Amino acid sequence: MQFRFDDFLIDSDKFELRNSGAVLEVEPLVFDLLLYFAENPQRVVTRDEIMKRVWKGRIVADATISTCIKQARRALGDDGDNQSYIRTVRGRGYEFAVDVSSSEAARPSAVPPAPAPEEAGADDPPPTSRISDPRWPVPAEKAVLAVLPFSNLSADIDEYFADGLTEDIITNLSRFRELAVIGRASTFRFKGQAIELPEVREKLSADYVVEGSVRRAAGRVRITAQLVDAATGFHLWADKYDREMEDIFAVQDEVTRTIAATLGVKLQDVATQRALRKSRAELDAYDCLLRARRYTSMLSAEVHAEARDLLEQATAQDPSHAEAHALLANVYLAEHRFDTNPRPDSISRALHMAQVATRLDPQSAYARCWLGIVHFFRGENDTFKAEVRRALDLNPNDPETLADIGHYLAFMGEFERGLELSQQAQKLNPLHPGWYFFSAARYDYDRRAYEEVLADVQRISMPHFYWTHLLSTAALGQLERPEAAASLAAIYELKPNFSAEVELAKWNAAPEDFDHLMEGLRKAGLDE
């Protein structure tokens, strides 16, 4: 739906707030608050209503709501004194004091109109968006996922906890842009029923189903969850969580983040394996994207060249594919970062692709992350930090985004924060690639734990990547080990034109870190 007032437009399908056509950057919670106000104009809404809609029924402090209200006012050019839009009604709540007109957002011509009321089934939920209503077809590349209500295996009074857990998983999975997650209104129709996968698949057009159970007893909670291929009935993943019940909402957050990340990674892996079985002539834009992603874990020149070709093919086939543009920004930037298969103006091309990606999908955490990383390599650190903060707000559950941001924060000298994010990513994706350990190596080198650096480099396990030898050489130099010279020679074998000063400047090393690394390299025999 689209809601218009004055020069503003709120698009609930695209999650966009616009002013005179320009997209405004707002936090997800602020957007949800503004959308709720637009749906309820000229009516006083209470704080309890706001908590139920924006915070999904969780109890939050009044200061938290006030901060969100303040940010919403700022987005509209409003403030606490001049309450042109959001008016405080003391002791009662807030009123969105403006006339709002609403209309159905324009849909692609390939998408049929919603059935008229007399054509719709009596039990069908009202149409909201393509993701929350299974009658709306979704793009072919999106896996359709249904999260069925978790079974409550404890006392009846805990029914709300099982339902809340299910809703949180739906919300968190919806942050993954490659998933089309069926909305609560549809999946909760199966609550309390004996579930047959063929029926779920037929009624919801679901490719995958999440189901699980919750049991609370003696101050602990046990949650089980499983991911099932709806077509075959095969169990793709299952896990069990036992936790103390000291803070029920903290437990709920931890579990839903883990489930969301694990499912997101698993579904991506399944889709990638399908794409790899196709011939080059059969590949569509999404298949190209999936196959190109292998580069991010391998970083080899051969896979880089293949990924670049695939992504250029993908963006030509589908110029509206935001994730393909974002990954192409990554691949183009590798020409600058690693001098891999370089072509002219690599960083400019990377910036352009990242900007296109964020315009196509302002809610894509991956696109926002790589726009930030391009600014990192342009030496624009403040812009980098602002963009990656937005990426984390958009999806705090995606291990790839967490690891990327942690990686670059560590390289720019924020070692503890970088390591923290990378460790979160490792926890969410236990089968992660070795480069996730780079932030640990940078952290350990900074704290003079040189033996740990050598262990970290072994965990990275990328002997054909010169940065691993750079770190081990600096550590070996600091330890005054005789093998430091051979490690230094290995850098030049992989990168004959290597210059440590140029490399560290390119990678945005902070002054103290620059000097510290150069010191270790010189002790290893570097002469420059």
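Modeller: The expected span of a helix is 1.5 Å times one less than its number of residues. Please keep in mind throughout that this is a predicted model.

Biologist: How far apart are the end C-alpha atoms of helix α16, and what span should its 14 residues have?

Modeller: Helix α16 covers residues 415–428. At 1.5 Å a residue, its 14 residues should span 20 Å. The separation in the model agrees with this, because the end C-alpha atoms are 20 Å apart.

Biologist: Which residues in α16 are buried?

Modeller: Buried here means under 20% relative accessible area. In α16 the buried residues are Phe415, Gly418, Leu419, Leu421, Ser422, Ala425, Gln426 and Leu428.

Biologist: How many helices and strands does the chain have?

Modeller: Helix α16, residues 415–428, is a helix of 14 residues. For the chain, the secondary structure comes to 22 helices and 14 strands.

Biologist: What percentage of the residues in the chain is buried?

Modeller: The accessible surface of the chain comes to about 24,000 Å², and 49% of that surface belongs to carbon and sulfur atoms. Among contacts between residues at least 6 apart in sequence, 59% join residues at least 24 apart. Of the 528 residues in the chain, the buried share is 52%.

Biologist: Is Gln2 buried or exposed?

Modeller: Gln2 has its place in strand β1, residues 2–5. Its side chain is joined to that of Asp11 by a polar contact of 3.2 Å. Because its relative accessible area is 14%, Gln2 is buried.

Biologist: How far apart in space are Ala490 and Pro463, C-alpha to C-alpha?

Modeller: Ala490 lies in helix α20, residues 484–494. With a relative accessible area of 15%, Ala490 is buried. Ala490 and Pro463 are 27 residues apart in sequence, and their C-alpha separation in space is 9.3 Å.

Biologist: Which residue meets Glu380 in a salt bridge?

Modeller: Glu380 is partly exposed, with a relative accessible area of 25%. The side chains come to 3.1 Å, N to O, and the partner of Glu380 is Arg378.

Biologist: Is Glu387, which forms a salt bridge with Arg390, buried or partly exposed?

Modeller: The closest N and O atoms of Arg390 and Glu387 are 3.2 Å apart. Both residues lie in helix α14, residues 381–394, three residues apart, about one turn of the helix. An α-helix has 3.6 residues a turn, so residues three or four places apart point the same way. Arg390 is partly exposed at 28% relative accessible area, whereas Glu387, at 9%, is buried.

Biologist: Which residues do salt bridges with shared partners join into one network?

Modeller: A salt bridge needs a nitrogen of Lys or Arg within 4 Å of a carboxyl oxygen of Asp or Glu. Through shared partners, the residues joined into one network are Arg308, Glu335 and Arg349.

Key
Residues numbered from 1 in each chain as written. Predicted model: local features only at pLDDT ≥ 70, side-chain atom pairs only at ≥ 80, totals over all residues. Heavy atoms only, no water. Helix = DSSP H or I, 4+ residues; strand = E, 2+ residues; numbered from the N terminus. Buried < 20%, exposed > 50% of the residue type's maximum accessible area, 1.4 Å probe, protein only. Polar contact = N/O pair within 3.5 Å; in protein donor to acceptor, adjacent residues only side chain to side chain. Contact = heavy atoms within 4.5 Å. Areas by Shrake-Rupley, 256 points an atom, 1.4 Å probe, with all protein chains shown as cover.
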